[in-house]
Amino acid sequence: MKVVALVSGGKDSCFAMMRCIDYGHEIVALANLMPMDDSVDELDSYMYQTVGHQIIVSYAECMGLPLFRRRIRGTSRDQRLNYAITPGDEVEDLFILLNEVKQQIPSITAVSSGAIASDYQRLRVESVCSRFHIADSYQIRRGILAITVKVAAIGLSPAKHLGRELADLEVPLLELKERYGINVCGEGGEYETLTLDCPLFSNARIVLDKYDVVLHSADSIAPVGIIHPLAFHPEYKNENSSRSSSNDNVVSNGLHKVHEVEGDFVLPDIVKCQSSDLPSDAEKKLELCISNMGGELFSLGCWIQNPSRTSKGLQDDLASVLRRIELQLSENGFDWSNVLYVHLYISNMEGFALANEVYVKFITEKKCHLGVPSRSTIELPLLEVGLGSGYVEVLVAKEQSKRVLHVQSISSWAPSCIGPYSQATLFKEVLYMAGQLGLDPPTMMLSPGGATAELEQALINCEAVANCFNSFISSSTILFVIYCSSCLTSTERVEIQHKMAHYIQQEASNVHQTRRMPNPIFLYILAPDLPKGASVEIKPVLYVPENAEDEVQIRESRPASKISKQLNDSALQVYAISGKICTVLVSVTNDFVKKSCSETDVKSGNWHRSERNLQTMATFCVVFLNKILSENDFSWGDLINLRFYYTTNLFGSADTLDKIFTEAFAELSLVNNCIKIGETPRYNLVPVLGSGRSASMDDIITCELFASKL
């Protein structure tokens, strides 16, 4: 990509440029924002570093690139975390600056930024980039010749530490971190830097000849001082570099090396989606599944009931499904901002881009002021079982107190979102992570080396996201759902399972655990295809206690009933934290079929065509799940979601299974007061190519249950 680099003079913006070069991108221009008054060193800005701005003009000469500069006219008007376009805000100065750069150099497709640990700054850069449909890249520090131009932290003295090379301050900064907890990278405002040389300065380095030390605060504990440059000059690295430029196109167009950008803020024209733009639902039969709404969380599932197994297309069907969910949310006093997570199932992954086009007509950052929901997307054989082309499940919270991680920038940290969703959403001590592919973060390409290489990269990406919430996937995960592409061989699937177990075991040994945690539940799902043609996609759910020091009481579930004898130990997984959460996975296997069905039906291979056999299986699942809930002091009223994964090669229609499970719950309500008559717990039937607790994915039916008292 051709990149314009935002430069403040600090180490991080220079490092971001270097990382862009490392990954094959080309820096073609520089951009900088500076105070209205040249004599002013520092602004009261939440966005921009301006100390040392007088020297930035030399960057054009040092790098042989055009430099675009604009004076900051706005202030920090919108100080919320998620920025909205606001006239007079300093963010709009960045938009005007980049708009001019884009006009002059249309080939630019990305912006490089050094905002490494500030969500406030990153989200604003991403907001501006989204208006140009260009990418943002941000990175972290590497060895660069930079000096301190501001100090403002306990233990740092203007007289002692200003003007020092950062490399010389490594030991003192580490000592201050141990003593006072300062951020050694300066991300808490402890200090600011000015880069005088780096590998990208191919023409010259900057020499600071003279400067004043300006004391802003003489506080005895944490004095604040800055450097005000008075004289500096470029020191050329070779004879031919004094007037060279690596951007011949810009020079040949008559542009000078330093350009000051003027212009005023203009409200953008925003095209809003009208309901008339979307297809009609008049001829569709929509089915809606709503879980118990008595608690803080509930789930909605919606699909098109289509026995003819035809479809007018993914866009048409998905729009109908999302509209129906939106209507149901509205009828209950909620909207998309209450949604924590979206499971998006589509009939053909080739329509992934089209699905996103429809998706953003309903779910947008404007509608979700706390952040868009997290999401996983897979292809499923929906049409084969009469469920239309689009099937959506949403997890809804009544209380709007979620914490969202939504990074759209390209970085070395973790993959940016390849769709309109967040990497993770935390609500009531449970972290719901978006489906993670084995994407290399800086390149956004699938990791080479096959399925296990993709899996390892996906796990690394999951770990990076989990760390943002002070947790680890090895010690905090409740449930791992591992989606496997049908393109994998049976050998590759087994390798994935072994790699998964080895990675978690190895990472757990590296993490200091203050409490004993149960083993996570593993659920493998075989899907026809995954986004980007990936071999594997991981969806973790984590338990993240509000207070890490709180004692967690773990319940070891050991069902001791006659019915449990029909199920071997390997077919049951339970993760329960007393009084908080209960997750259950029950596998109905071929062994169960042999024990519960007639020998004649089993030998003929037609056991699944017998309604009596199916009723036996459904009754077993329902009664057994009820037993697990009861033994862990949970009830059906605590149910958040319940999924029955079934293989389409055995069960041709979702209608038949739906009828049988509904009857099974009705029977349970008659013999057990745990369920009120007529109030059947809601569930979702999910058609798959295979499922199970192992990578063989040979279950007849897999039951996944999640209950919460949080």
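**Helix 15.** I started with the length of helix 15, residues 611–631, in this predicted model. At 1.5 Å a residue, its 21 residues should span 30 Å, and I find the end C-alpha atoms 30 Å apart, so the two agree. Next I looked up which residues of helix 15 are buried. My list reads Asn613, Leu614, Met617, Ala618, Phe620, Cys621, Val622, Phe624, Leu625, Asn626, Ile628 and Leu629. I also checked what follows the helix: just after helix 15, Asp633 has a positive phi of about 60°.

**Ser76.** I then went to the loop between strand 3 (67–71) and helix 3 (90–104), where Ser76 sits. Is Ser76 buried or exposed? Its relative accessibility is 11%, under the 20% cut-off, so I put Ser76 down as buried. Which side chain does the Ser76 side chain make a polar contact with? I got the side chain of Glu90, at 2.7 Å. Skipping neighbours within four places in sequence, I have Ser76 in contact with Asp44, Ser45, Tyr46, Asp89, Glu90 and Tyr120.

**Gln423.** My last stop was Gln423, in the loop between strand 16 (403–405) and strand 17 (424–427). Relative accessibility comes out at 2%, so Gln423 counts as buried. What does Gln423 contact, leaving aside neighbours within four places in sequence? I noted Ser374, then Leu405, His406 and Val407, then Trp413, Pro415, Ser416 and Cys417. Met433, Ala434, Gln436 and Val465 are also in contact with Gln423.

Methods:
Residues numbered from 1 in each chain as written. Predicted model: local features only at pLDDT ≥ 70, side-chain atom pairs only at ≥ 80, totals over all residues. Heavy atoms only, no water. Helix = DSSP H or I, 4+ residues; strand = E, 2+ residues; numbered from the N terminus. Buried < 20%, exposed > 50% of the residue type's maximum accessible area, 1.4 Å probe, protein only. Contact = heavy atoms within 4.5 Å. Polar contact = N/O pair within 3.5 Å; in protein donor to acceptor, adjacent residues only side chain to side chain. Expected span 1.5 Å × (residues − 1).
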